[in-house]
Amino acid sequence: MIEVFRKSVLDEGAEGIGEEGQPCFDSLQEALDYLEINPEEERYIRVHPGYYKEQVTVRVPGVVIEGADPEAVKETVITFGLGAREILSDGMKRGTFRTYTFFVDANDVTLRGLTIENSAGPGNEVGQALALYADGDRMIVDSCRLLGWQDTLFTAPLPEAEVESRGFIGPKEYAPREKRRQYYKNCYIEGEVDFIFGGATAYFSHCVIFSKNVDKEIKGYVTAPSTPKDVKYGYVMEDCRFCSNCPDQSVFLGRPWREYGKTVLISCQIGPHIKAEGWNDWGKEKAHETSFFAEYGCKGPGARREGRVDWSHELTEEDLKDYTREAVLAGGDGWDPEA
């Protein structure tokens, strides 16, 4: 069951389904469609525990979508199962960017206490399969579980140019490449190859990042940033835990999807599945000079500096002032998701 609340009703402590005449729906998309044609200044959607098999698109700016029971995030599941290799009726492959389970195409959206899953399967069987396609500025994802295999979380924008013809086919193929800031807090994110990727400036705080075992020599890559050339920050991960069921020394922390990709890890716990080299250049030698992959104060068997590629960086304590949440996400409007 899905409930839609006016902000004033929520502030008064509404708890029961149907209280104060708020509308109820059987699917999340129905609730969002209702808000699109019945706009109000502030709206909240409350998702009760259940298994919602649907492909969802969010185009309502400022909407908050949250699980009704904070203790039941594992039972509050939005799931779908599309893979990039599927051949459609026009003879074309579906492609990465039409596989999403949950597509956010609006600013100031908050997701809280939800599980978002792409159930298509491993990448070597179905190809890329997005759980969350996050294309919104000032977006907050709090205490959510993002489940998938290859390309679980895409943080827009897309790169300026595609490498393969129609490689970006999907809802934002021809859209302007607008800068995005996103905040992921207390989330669980799992996948295998490039399962956190894209061009957004994204700050991850106290997240669990789980690399899934696959039948490959190199089991995976956690991040694949495509940070635009003129953007200072890509991914910053603070106090996150990198864990896995993969063998030791079989996963890279990241690689540059585009040559200016950036990932910084601060005070993270890194498991033994991470390779000593830490980072991979994806065959892009120019990225040794243009990308920025760095660590500071990380601990655990996968955090040793010995063996790291010589084009990665170790931050100093003085550098940390530039990597606070406030510094990374402020942009031109001073946005702070914790303010």
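## The seven-stranded sheet

Seven strands make an open sheet in the order E5-E8-E11-E14-E17-E20-E23, and the pairing is parallel. At the edges are strand E5 (56-58) and strand E23 (251-254), each of which pairs on one side only. From one strand to the next the twist averages 10 degrees. Strands (E, at least two residues) and helices (H or I, at least four) are DSSP runs numbered from the N terminus, and two strands pair if DSSP finds at least two bridges between them. The model is predicted: local features need pLDDT of at least 70, side-chain atom pairs count only at pLDDT 80 or more, and totals for chains, interfaces and linings use all residues. Residues are numbered from 1 along each chain as its sequence is written, and side-chain values use heavy atoms, with hydrogens and water left out.

E5 is joined to strand E8 (residues 102-104) by three bridges in the parallel sense, with Thr57 opposite Phe103 in E8. Helix H2 (residues 28-37) lies across E5 and E8 and runs at about 25 degrees to E5. Such angles run from 0 to 180 degrees between N-to-C directions, and the axes are lines fitted to C-alpha atoms, for helices over the stretch in contact.

## The eight-stranded sheet

A further open sheet has eight strands in the order E4-E7-E10-E13-E16-E19-E22-E25, with parallel pairing. Its edge strands are strand E4 (50-53) and strand E25 (269-270), each pairing on one side only. Strand E7 (residues 76-80) and strand E10 (residues 115-118) run parallel and are joined by four bridges. Thr79 has Glu117 in E10 as its bridge partner.

E12 runs parallel to strand E9 (residues 110-112), to which it is joined by three bridges; Thr110 has Ile140 in E12 as its bridge partner. E12 also pairs with strand E15 (residues 181-185) in the parallel sense, over four bridges. In that pairing Val141 stands opposite Tyr184 in E15.

## Nonpolar cores

The largest nonpolar core has 58 residues, of which Ile45, Ile65, Phe102, Leu111, Leu132 and Phe204 touch the most other members. H2 gives the most to this core, with four residues. A second, separate core of 13 residues includes Ile140, Val264, Leu315 and Val328. A nonpolar core is a set of buried Ala, Val, Leu, Ile, Met, Phe, Trp, Tyr and Cys residues joined through side-chain atoms within 4.5 Å.

Leaving out residues up to four places away in sequence, Leu111 touches Ile65, Phe102, Val104, Ile116, Leu132, Met139, Ile140, Val141, Asp142 and Cys144. Contact means heavy atoms within 4.5 Å.

## Pocket and cavities

The largest pocket holds about 750 Å³ of space. Its lining has 29 residues, and Thr96, Gln128, Glu164, Gly167 and Trp257 lie nearest its centre. Strand E17 (residues 193-198) gives the most to this lining, with three residues. On a 1 Å grid over the protein atoms alone, a pocket is an open set of points with protein on both sides within 12 Å along at least five of seven lines, a cavity is a set where a 1.4 Å probe fits but cannot get out, and lining residues have an atom within 4 Å of a point. Grid points are joined across faces, edges and corners, and a volume is the space filled by probe spheres set on the points.

Two cavities of 30 Å³ or more are found in a search of the whole structure. The largest cavity has about 60 Å³ of space, and its lining residues include Tyr133, Asp135, Ala156, Pro157, Leu158 and Lys172.

## Backbone geometry

Most residues other than glycine have a negative phi, and most peptide bonds are trans. The bond from Ala156 to Pro157 is cis, with omega near 20 degrees. Pro157 is in the loop between strand E14 (153-155) and E15.

Ser143, in the loop between E12 and strand E13 (145-147), has a positive phi, near 55 degrees. Ser143 is partly exposed, with a relative accessible area of 29%. Arg166, in the loop between E14 and E15, has a positive phi near 60 degrees. Arg166 is partly exposed, at 34% relative accessible area.

Terms used. Buried means under 20% relative accessible area, exposed over 50%, partly exposed in between (1.4 Å probe, protein chains only).
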